[in-house]
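Me: I have a structure here that is new to me. Could you go through it with me, starting with how its parts meet?

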Amino acid sequence: MDFVTLAGLLIAFSSVFLANWLGGGEIILLLNLPSAIIVIVGSIGATLIQSSIQEAARALVLIKWSLFPPVYDFNSARALINNLAHKARRLSLLALESDIEALNNRFSSRALQMAIDGTDPDLLADRLHDDAVRIYDKRMKSVSFIESIGGYAPTLGIMGSVLGLIQAMANLDSPEALGHGIAVAFVSTLYGQGFANLVIFPITKKLTGYVDKELLFHQLLIDGICGIATGKHPYRLELELNTYE
């Protein structure tokens, strides 16, 4: 689990409640279920209108990365590719067939299988690059879906405040109730800004970093396996792959 994300959320929200408390505000005024519903549920609903259920499902899977990020071990991948290159040079490319399952990565397993099957190295590189780009584009669509939620949240927050003011205006004959109603009404605006800028946008930034790292990891695998397929010397291949971090 990525405890940095949890710590960041805790610090961000604590700062809001602390500032409110230091300013003499009541904590209870910041807790408003109707405001949370219109901002969170409304923003998700608006985003669903512009998207498909498949995109929403993929985004739901991807958002888990903010707490349980994928692990891309570049050092282990380089070491494994180096071992495969030495084995292929010592024996043959066909001798690597027993190592396909040991890769424990669907992308690299498919790449190695294509290399063993005798796919032309240039065609192999093109197909693997296309696959990597398709995976990247699909991930980024999920990131865009999540980012759209943050884009709608502030507007939904303003709508919630307007609804709250309409209800507050019904109490014009009671100044005390009117003042309390106006205070509660503006909580929706706070929720909209907070949900977008303290939750959604930081998460999408973190997810974008993971998606970029996945693409770089796939490129390492492509260069490594294509180097093995062309019979590149293991030491030269190792030097080339050391540029990936």
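Me: How many residue pairs are in polar contact across the interface of domain 1 and domain 2?
Reply: In this predicted model, 6 residue pairs are in polar contact across that interface, with both residues of each pair at pLDDT 80 or more.

Me: And what kinds of residues does domain 1 use on the side that touches domain 2?
Reply: On that side of domain 1 there are 10 nonpolar residues, 1 polar residue and 1 charged residue.

Me: Where does the chain divide into these domains?
Reply: Domain 1 covers residues 1–31, and domain 2 covers residues 33–244. The contact involves 12 residues from domain 1 and 14 residues from domain 2.

Me: What area is buried between domain 1 and domain 2?
Reply: About 1,100 Å² is buried between the two domains, and carbon and sulfur atoms contribute 71% of that area. The domain centres, taken over C-alpha atoms, are separated by 27 Å.

Me: How many salt bridges are there between domain 1 and domain 2?
Reply: The count between the two domains is 1 salt bridge. The side chains of Asp-2 and Lys-206 meet in a salt bridge at 2.8 Å, N to O.

Me: Where do Lys-206 and Asp-2 sit in the chain?
Reply: Lys-206 lies in helix H8, whereas Asp-2 belongs to the segment before helix H1 (3–22). The pair is 204 residues apart and links distant parts of the chain.

Me: How many salt bridges does the whole structure have?
Reply: A search of the whole structure gives 7 salt bridges.

Me: Changing topic, where is confidence lowest and where is it highest?
Reply: Helix H7 (residues 175–185) has the lowest confidence, with a mean of 70, and helix H8 (residues 187–229) has the highest, at 94. The chain averages a pLDDT of 88, and 97% of the residues score at least 70.

How values were computed
Residues numbered from 1 in each chain as written. Heavy atoms only, no water. Domains from an automatic or database assignment. Contact = heavy atoms within 4.5 Å. Buried area = accessible area lost by both parts, 1.4 Å probe. Salt bridge = Lys/Arg side-chain N within 4 Å of Asp/Glu carboxyl O. Polar contact = N/O pair within 3.5 Å; in protein donor to acceptor, adjacent residues only side chain to side chain. Nonpolar A, V, L, I, M, F, W, Y, C, P; charged D, E, K, R; others polar. pLDDT = per-residue confidence, 0-100. Helix = DSSP H or I, 4+ residues; strand = E, 2+ residues; numbered from the N terminus.
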